[in-house]
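Okay, thanks for coming, everyone. I'd like to walk you through how two parts of one protein chain meet. Let me put it up on the screen.

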Amino acid sequence: MEVAYLQTPVGLAEFHGDENGLASVSVLNGEKTIDLVPEVLEDVVYQFQEYFDGTRKNFDLKLNPVGTDFQKKVWKALGEIPFGKTVSYLELSKKLGDPKAIRAVAAANGKNPLWIIVPCHRVIGSNGDLVGYAGGLHRKKWLLEHESPAKQTSLF
């Protein structure tokens, strides 16, 4: 498994993957001197840089996450949430066919190994609150603002 890093506005992104695809993306606190990027992860780093530059809304990568069938079903549904949009955990549970599975859906959401690519940050509470984000609510807020179609501009 190869590893690469990218310094982003919300922390250090860490990528793990090989010729079978990208297995995980996580965000770390702190900084790191960025080493050479393994060839198998060059496109991953490039697409993430475009995302943070504001020129990419969707990723086109070969993915190979490890998870249960249920988790993969939830992650697939997360991937269908459009850029700049949010859904609630309840809406996601209903879409998956079982509104009573809200806790299981939330747990699978929290186990998402593909930060940003599988956009778990786009899931919010039914009342609109930013809830439950493994990377920290400050990152969730930043990512949602970054993706917002209505950018706040300065009056001065």
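So, the C-alpha centres of domain 1 and domain 2 sit 21 Å apart. Keep in mind that this is a predicted model. If you want to find the two domains on the chain, the assignment puts domain 1 at 2–53 and domain 2 at 69–147. Where they touch, domain 1 brings 16 residues to the contact and domain 2 brings 13.

Now, how much area is buried between domain 1 and domain 2? About 1,200 Å², and carbon and sulfur atoms give 70% of that.

What about polar links? We get 6 residue pairs in polar contact between the domains, counting pairs with both residues at pLDDT 80 or more. For salt bridges across the interface, the count is 0.

Let's stay with domain 1 and its side facing the contact. Which elements give two or more residues to the side that touches domain 2? Those are strand E2 (11–18), strand E3 (21–28) and helix H1 (42–53). E3 gives the most, with 7 residues.

And sorted by class, that side of domain 1 has 11 nonpolar residues, 5 polar ones and no charged ones. To put it together: the domain 1 side has no charged residues, and the interface has 0 salt bridges. That's it from me, happy to chat.

Definitions and conventions. Residues numbered from 1 in each chain as written. Predicted model: local features only at pLDDT ≥ 70, side-chain atom pairs only at ≥ 80, totals over all residues. Heavy atoms only, no water. Domains from an automatic or database assignment. Contact = heavy atoms within 4.5 Å. Buried area = accessible area lost by both parts, 1.4 Å probe. Salt bridge = Lys/Arg side-chain N within 4 Å of Asp/Glu carboxyl O. Polar contact = N/O pair within 3.5 Å; in protein donor to acceptor, adjacent residues only side chain to side chain. Helix = DSSP H or I, 4+ residues; strand = E, 2+ residues; numbered from the N terminus. Nonpolar A, V, L, I, M, F, W, Y, C, P; charged D, E, K, R; others polar.
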